[in-house]
Each structure stands twice: as C-alpha cells, then as structure tokens.
Amino acid sequence: MIGAVDIGGTKIAVGAVDNQGRVLARAECLTFPERGYREAFERTEKLLREVAKSAGAELTGIGIGSTGPVDAFSGEFGNVTFFPAWQGENPVSDLARSFGVRVAIENDADSSALAEYAWGAGKNKERLIYVTVGTGIGAGIILDGRLYRGVKGAHPELGHHVIDATGPLCDCGFHGCWESLAAGPAMVSWLKGQVPVDYPYREGLTAKRICELAFSGEQWARRAADREAHYLGLGLANLVTTFAPDAIVLGGSVMKSAVLFLEEIRRVICRCCRLVPWSQAELTLASLGDDANLIGAARVWHHRFADARGNGV
Ligand SMILES: [Zn+2]
C-alpha cells in the first residue's frame, strides 16, 4: 500500500493506493501556503496516517506528485509560483523520516504520465506523451516505460514551446508559448478582448463556462472554442512531428470538454505532420478520472523504486 500525496496550489490531497492503482482511501485539505511549509507538512502527515488507518494497511512507501518546479532527486521544492516561500523545503526527506519508508517526488504532469502509462489510457504505449490542459499546459514524456528527463533531471516544459512569437505575453516572460495561447485562461482573455462591452456572459467568465456556452451554440463562445482547438492542434502537431509518439493522452480541466476540440485537433495534425507517421499517433483522453493525481503520485513510488517496468512490488 503506497501513500499518495498530491500537492497543488489550492489543495493537498492524500490517499492510500494499492499495487493495481486503486485508491482505497482519500482525504484532502486546503494548501494554505501562507501559513508556511511546516504547518502544511504536519497536516499532510496527519491525513496520511488517517487514510492508512481507514484503508487498514501499513504504508510501504510514499509517492508525491507536486505542482512544480520540484527537484525529483534531492526532493526539494524549487521556486513554485503558488508557494515561493517553501523553496528549499524537502517533503521527501521529511516524510521518509516521519514514516520510516522510502519516498519519491515528481512534477505532477510527470506523475500523471506515469499513471496513465501504467494503469490508464496510455497502457503499454512505449512512446507516450501525457498533456494536461487547465490553468496552464503541462506534459510528461514516457519513453520505453521510463520517464524522460532532461539534463540534471530537468522536467521538459512542453507548455512553453513557442507557437507564435508575436503572441500574448506568457507567465514565463516570453511571448506566444503554447500555454499562453491554449491554456484555459487564454480562452478567457481572448474572448474578453473580442466581445462587445454588453456581452451578457462577461462577468465571472471561465474556460469551463465558455465551453458550456459553446455547447449551447452561443456564437462568441463557439469562436473561442474553435480558436482553442486550433492552438491545441498546433501544439500537439509539433509534438507529433518532434517525437512521432505511439500515443498522446490528454487530461486536465479543459479536456473535460474535449469533444469541442478533437475534430479540429485531428485536422490540424493531419495538415501539419507530413514527414512522420502521424496517423499512428493515437490521440486519447486520460482515463483515470478524478483520482488521477493520487494514482499518479502513488505511481511515482513504483517508477522510482520497483523494477524498470514498475512491476514486482
Ligand atoms: Zn511561456
């Protein structure tokens, strides 16, 4: 039984996950980054003990998926947007000391990629890219069952590959990154810049709301959805051309409305990817549902400490 910890900007979820990727118990709390790392750690520790108890098993290891950047090998938080004051804190060594088990951490896009490869829509796909589209765009790359890492363990930032250098300013400081054109907030800011001042849905507009309006046939929202599909398609086409993968698995909140986008995404890939076997790159939706982040966090442990395929534990 692996303890799973999913650390996000707004909440921390914990779970007890068995060796088939089933979540047997779960709990969560708000992150409250401003109260400091130590307080958040103590809350997490307490919740982990509670879920282990309700699952009726001892935790044999702990896996963490966290909003990044995190150092997968030292276990330390980098300069994370949501909790910059936690930089240099080390939940891996702290949890290992507290529970007496081995602990591993990965960026949450990487942890979700590992879970989809092991137990989800990307099962047995040897060249798999997982892409999550929500408030940003994150991705994890699996090659031959192992997580692809850059130099010194760096997590590649596919959400920041440039689609249009004359595009909007991105959070990273450059212009026209994929994320700045196709993440949820990009849909909102584009639509707000286009609609007339008396547009009735302007207040409290979110990507989710735009998708609902598009489903109902509202014309401005439909245009926003078409634009979203186009930019998602361009970024995904770049990944197909660059990696010629077996599969791309799509997750994240925006992808809950994937039916609005998939046809155009496939059309863009078909038009752009002329030199690689693009039709072999299966485009599928993430299949692990609302527990995906917890399952991913648990898989981080298997990937790090079990055999090369993550089996045999
Ligand atoms: Zn960027």
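Biologist: How do the residues of the lining of the largest cavity divide into nonpolar, polar and charged?

Modeller: This is a predicted model, in which local features need pLDDT of at least 70 and side-chain atom pairs count only at pLDDT 80 or more, while totals for chains, interfaces and linings use all residues. Residues are numbered from 1 along each chain as its sequence is written, and side-chain values use heavy atoms, with hydrogens and water left out. A cavity here is a set of points on a 1 Å grid over the protein atoms alone where a 1.4 Å probe fits but cannot get out, and lining residues have an atom within 4 Å of a point. With Ala, Val, Leu, Ile, Met, Phe, Trp, Tyr, Cys and Pro counted as nonpolar, Asp, Glu, Lys and Arg as charged and the others as polar, the lining divides into ten nonpolar, one polar and no charged.

Biologist: Which helix gives the most to the lining of the largest cavity?

Modeller: The lining includes Tyr37, Ala40, Phe41 and Thr44, and β1 (2-7), α1 (37-55) and α2 (91-99) each supply at least two residues. Helices are DSSP runs of H or I with at least four residues, and strands are runs of E with at least two. The most, four residues, comes from α1.

Biologist: Is Cys177, a donor to the zinc ion, buried or exposed?

Modeller: The zinc ion is coordinated by His160 (ND1), Cys170 (SG), Cys172 (SG) and Cys177 (SG) at 2.0 to 2.3 Å, donors being N, O and S atoms within 2.8 Å of the metal (3.2 Å for Na, K and Ca). Buried means under 20% relative accessible area, exposed over 50% and partly exposed in between, with a 1.4 Å probe and protein chains only. Cys172, at 45%, is therefore partly exposed, whereas Cys177, at 1%, counts as buried.

Note on methods
On a 1 Å grid over the protein atoms alone, a cavity is a set of points where a 1.4 Å probe fits but cannot get out, and a pocket is an open set with protein on both sides within 12 Å along at least five of seven lines; lining residues have an atom within 4 Å of a point.
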